[in-house]
Amino acid sequence: QGIAKTTEKTPQQVLLRWGHQMGFQIIPKSSKKERILTNSQIFDFELNNDDMQALSSMEGHLGAYWDPLNVPVDLGNLSAASRPQEEL
């Protein structure tokens, strides 16, 4: 909340910006027009090193966080031959 206040952005925008600056491919989910617009407004500010460090050091509970840099992802078989013909 503190970083959101100093940047005059929502907490959601701050976390999306953090992910962008970390180099993650971000796909926020929303069906609400106003949230889609708000989620897209993360390119007019930048988080400083202290803010990035603070966000990167956050810890959750019960495996609340997934680190895509350290956890392998099984995407299955992505070849076209493995999909039913009607999907091609």
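This is a predicted model: local features need pLDDT of at least 70, side-chain atom pairs count only at pLDDT 80 or more; totals for chains, interfaces and linings use all residues.
**View 1. R17 and E46 form a salt bridge**. The closest N and O atoms of R17 and E46 are 3.9 Å apart. This pair links distant parts of the chain, with R17 in helix α2 and E46 in the loop between α3 and α4, 29 residues apart.

**View 2. D44 and K9 form a salt bridge**. Here the closest N and O atoms are 2.9 Å apart. Because D44 lies in the loop between α3 (33-40) and α4, and K9 in the loop between α1 and α2, the pair ties together parts that are 35 residues apart in sequence. D44 is exposed, with 56% relative accessibility, while K9 is buried, with a relative accessible area of 17%. The count of salt bridges in the model comes to two.

**View 3. The largest nonpolar core is made up of nine residues**. Its members are I3, A4, V14, L16, I42, F45, L47, M52 and L55, and the elements that give two or more residues to this core are α1 (2-7), α2 (11-21) and α4 (49-56). Leaving aside neighbours within four places in sequence, L55 is in contact with I3, V14, L15, W18 and L47.

**View 4. E8 has a positive phi although it is not a glycine**. The phi of E8 is about 60 degrees, and E8 is placed in the loop between α1 and α2. Most residues other than glycine have a negative phi. E8 is exposed, with a relative accessible area of 72%.

Key: Residues are numbered from 1 along each chain as its sequence is written. Side-chain values use heavy atoms; hydrogens and water are left out. A nonpolar core is a set of buried Ala, Val, Leu, Ile, Met, Phe, Trp, Tyr and Cys residues joined through side-chain atoms within 4.5 Å. Buried means under 20% relative accessible area, exposed over 50%, partly exposed in between (1.4 Å probe, protein chains only). Helices (H or I, at least four residues) and strands (E, at least two) are DSSP runs, numbered from the N terminus. Contact means heavy atoms within 4.5 Å. A salt bridge is a side-chain nitrogen of Lys or Arg within 4 Å of a carboxyl oxygen of Asp or Glu.
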